[in-house]
Amino acid sequence: MNLLEVEGLSKVYLRKDGSAQVVLSNINFNIKKGECFTIIGPNGSGKTTLLRILALLEKPTSGKIYFKGEEITALSKKDIINYRRKLSFVRQKPVVLNTSVYKNIAYGLKIRGMDPELIDKKVKEIIEIVGLKGLEDKNARALSGGEMQRVAIAMNFIFEPELYLLDEVSANLDSKNLKLLEQFISKIKDDEDKTIILSTHDKLEAIKFADRIGVLIDGSISQIGHPNEVFTVPKDEFTALFVGYENIFSGKAMIDQKSGLSIIKINDITITASSLVEGDVKVCIRPESIGISKKSPEKVSYRNTFKAIIKEIRDLGNICHLVVKCNNERFLIAITKLSLANLNLAQNSEVYINFKATDVTIL
Amino acid sequence: MVNEILQGIIEALILIFTFDPEVWNVILLSLRVSGTAILIATIISLPISSYMALRNFPGKKFLTNLINTFMGFPPVVMGLIIFLLLSKSGPFGFLGLLYSPTAMIIAQLFLAIPIIIGTTKAALESVDPNIKETILSLGSTETQLWWELIKESKRSIIAGILVAFGQAISEVGAVMIVGGNIRWYTRTFTTAIVLQTRMGEFGMAIALGLLLIAITFLINYALTHLQMGEKK
C-alpha cells in the first residue's frame with residue numbers, strides 16, 4: 001500500500017490586485033512506505049509550498065492527499081495534530097525556540113507526553129551524536145549559526161516519526177553539519193519503516209538519496225522516475241535543461257590496494273574511480289565525459305573501457321545523444337554530429353566506450 | 001515663591017523619611033488600587049488577546065479597531081461612565097460602590113483592559129511565523145502552541161502590562177470622579193497632589209509627586225531593561 005497519495009493537488013494564491021498566482025497545479029504522485037522520494041526543481045518552483053501542504057501547514061486550493069488510505073485534507077483539528085505527530089518537517093532555515101538547547105531538543109518528546117526519564121535518556125544520546133555536549137543549558141538562540149543548525153537537526157529527528165519532510169535542508173549547512181545531516185538521512189533510509197520526502201535544487205543531492213525523483217518545474221511535476229531514467233531520458237526540454245543529463249549507477253565500492261583506486265561493481269560491469277570510497281555508492285558519469293571509438297583503444301589514459309552496442313541515436317542539432325548498452329547497463333553519451341559521421345556510427349553498431357577514472361563522480 | 005518651593009521640598013523630605021502615616025496611606029492605597037486593577041485586567045485580557053491573535057473569526061477587524069480606539073480612551077470620560085453606572089440612580093447603584101476603592105479599581109480596570117489586550121495581541125502576532133509553524137509541525141496542540149507563543153513574547157507582554165500600570169497609577173480624572181478623593185479612604189497620589197496644591201500645602205504635594213515619579217521611573221527602568229534584554 002502507498003503511504004502517501006497525492007491527487008490533483010493545486011494551490012492558487014490571490015494577489016493583492018485580485019489576480020491569481022498558480023503555485024502548484026495538478027500534482028499527482030504516490031509514495032511507498034520506506035521510500036526516499038526527492039523533489040527536484042529550481043527556486044520558486046513550488047517545492048516548499050508542496051511540503052507545507054503535506055505537513056498540513058497550508059491548505060491546498062483543490063486536490064486530495066491520502067495518508068495510509070485516509071484523506072488528510074479533511075481531518076478534524078485533533079486528527080491534524082495526530083497526523084503531524086507522525087511526521088517531521090525540517091525547513092531550510094533552522095528555527096529554534098527561545099529556551100535552552102536541552103529544552104529545545106526535548107520539546108517534541110515532551111509534547112508527545114513521553115516519560116521524562118526516557119526523554120532525558122534520548123536527549124542526552126542525541127546531544128552526544130550532534131556534538132552539543134556542554135551547551136545543554138545555553139539558550140539556543142545565543143548559539144552560533146552552525147550550532148543552531150545542529151539543535152534544529154536534533155529537535156526534528158529525535159522523535160523518530162514515520163515520515164520526514166525535508167525542505168532544502170542542506171542549502172545553508174556548513175560542511176560539518178552537512179555530513180551530520182547526511183548521516184541522519186542515511187540512517188533513516190536504511191530503516192524500512194521510515195519514509196523521506198526531500199526537496200532540493202541540487203541535482204547531486206537529489207541523486208544521492210533518491211529512490212525516485214520527481215521534477216517540479218513552475219508548479220507542475222514534469223517527470224517522476226528512477227534517477228537514471230530522469231537523467232538519461234528527460235521527458236521534455238524544460239526538464240532536460242534543468243536537470244541536465246547524467247549516467248547514474250548504484251554499486252558496491254572497494255579500494256584496490258595495488259592501484260590506489262576505487263573499484264565499483266555495478267551488476268555485470270566494474271568501474272574504476274579515482275576518489276577513494278568503500279561500501280554502497282552511487283556513481284555519476286556525465287555523457288560528455290564518455291568517449292567512443294570503433295576499436296578497442298590501446299595505450300590510452302582511460303581507466304574504463306567497455307564494449308557496447310548502440311541502441312538509439314537522438315539528434316539534438318549539432319550534437320547527438322547515443323544510448324548504448326553494455327552488458328545490461330545503459331549509458332547515455334553525448335558526441336558531436338561530426339564525430340558520428342566520421343566514425344560512421346549507426347544503430348546496432350558495436351563500439352567501445354571510454355572514460356577516465358577522474359570523470360567518475362561518487363556520491 | 002522660591003522660598004515656598006524650597007520649604008516645600010524640605011517638608012516633603014521630612015514627610016517621606018519620617019514615614020508619615022498619611023503619605024503611607026496614599027502610597028499603599030494607590031498601589032493596591034492600580035495593582036488590583038492591572039492584575040484583574042491581565043487575567044481578563046490574556047485569553048481575549050490570545051483568541052484574537054490566534055484565531056480568525058468574523059468581526060475580528062472591527063474588534064481590533066475598537067480595542068485600538070479604546071487604548072486611547074479619555075480617562076475622564078471613563079470616570080464619568082463608571083460614575084453614571086454606579087451612582088444611586090444608575091443600573092448598578094444598588095451595589096453602593098461609588099466613592100470606594102472598588103469603584104476606582106473598576107475605572108482603572110476598564111482603562112487597562114484595552115491597553116493590555118492591544119499590546120499582548122500585537123506581541124503574540126509579532127512572533128515570527130516560522131517559529132509558530134515549527135512549533136506546530138513538531139506536533140503541538142493548540143494549547144501547547146499558545147503557551148510557547150506566550151513564552152516567546154513574554155517580554156513584550158510584560159512591557160504592555162507595565163505600561164498599563166504606569167498609566168493607571170498616574171491617572172487622575174477617573175479616580176477623582178468615582179473615588180471622590182476621600183481622606184484615608186480613596187485618596188491616591190494624583191488626587192492628593194491636586195488637592196494639596198489647591199490648598200497651598202506644597203510639602204505634601206511635592207512629597208507625593210517625588211514618590212510618584214520614583215515609581216514611574218522604576219517602571220520605565222524595568223521597561224528599558226526588558227527591551228535591552230530583547231536585543232541580546
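Modeller: Happy to. Where the domains meet, 6 residues of domain 1 of chain A are in contact with 5 residues of domain 2 of chain A. Please keep in mind that this is a predicted model. On the domain 1 side, the elements that give two or more residues to this contact are helix 7 (203-209) and helix 8 (227-232) of chain A. Helix 8 of chain A makes the largest share of that side, with 4 residues. Sorted by class, the domain 1 side has 3 nonpolar, 2 polar and 1 charged residues.

To place this in the chain, the domain assignment gives residues 2-243 of chain A to domain 1 and residues 248-362 of chain A to domain 2. Their C-alpha centres lie 35 Å apart.

Now step into the strands that follow. Strand 11 of chain A covers residues 247-256, and it pairs in the antiparallel sense with strand 14 of chain A (residues 279-285) over 7 bridges. One of the paired positions is Asn247(A), whose bridge partner in strand 14 of chain A is Ile285(A). Strand 14 of chain A is also joined to strand 20 of chain A (residues 360-362), by 3 bridges and again antiparallel. Here Val283(A) stands opposite Ile362(A) of strand 20.

Five strands of chain A form it in the order 15-19-16-17-18, with antiparallel pairing. Strand 15 (291-293) and strand 18 (329-336) of chain A stand at the edges with a single partner strand each, so one side of each has no neighbour in the sheet. On average, neighbouring strands of this sheet are turned by 45° against each other, direction ignored.

Finally, for another contact made by chain A, turn to chain B: 14 residues of chain A are in contact with 14 residues of chain B. Helix 2 (77-84) and helix 3 (101-111) of chain A each supply at least two residues of the chain A side. The largest share, 3 residues, comes from helix 3 of chain A. By class, the chain A side divides into 8 nonpolar, 2 polar and 4 charged residues.

Notes
Residues are numbered from 1 along each chain as its sequence is written. Chains are lettered from A and ligands numbered from 1 in the order in which they are written. This is a predicted model: local features need pLDDT of at least 70, side-chain atom pairs count only at pLDDT 80 or more; totals for chains, interfaces and linings use all residues. Two strands pair if DSSP finds at least two bridges between them. Domain bounds come from an automatic or database domain assignment. Two residues are in contact if their C-beta atoms, placed from the backbone, lie within 7 Å. Ala, Val, Leu, Ile, Met, Phe, Trp, Tyr, Cys and Pro count as nonpolar, Asp, Glu, Lys and Arg as charged, and the others, Gly among them, as polar. Axes are lines fitted to C-alpha atoms, for helices over the stretch in contact, and angles run from 0 to 180 degrees between N-to-C directions.
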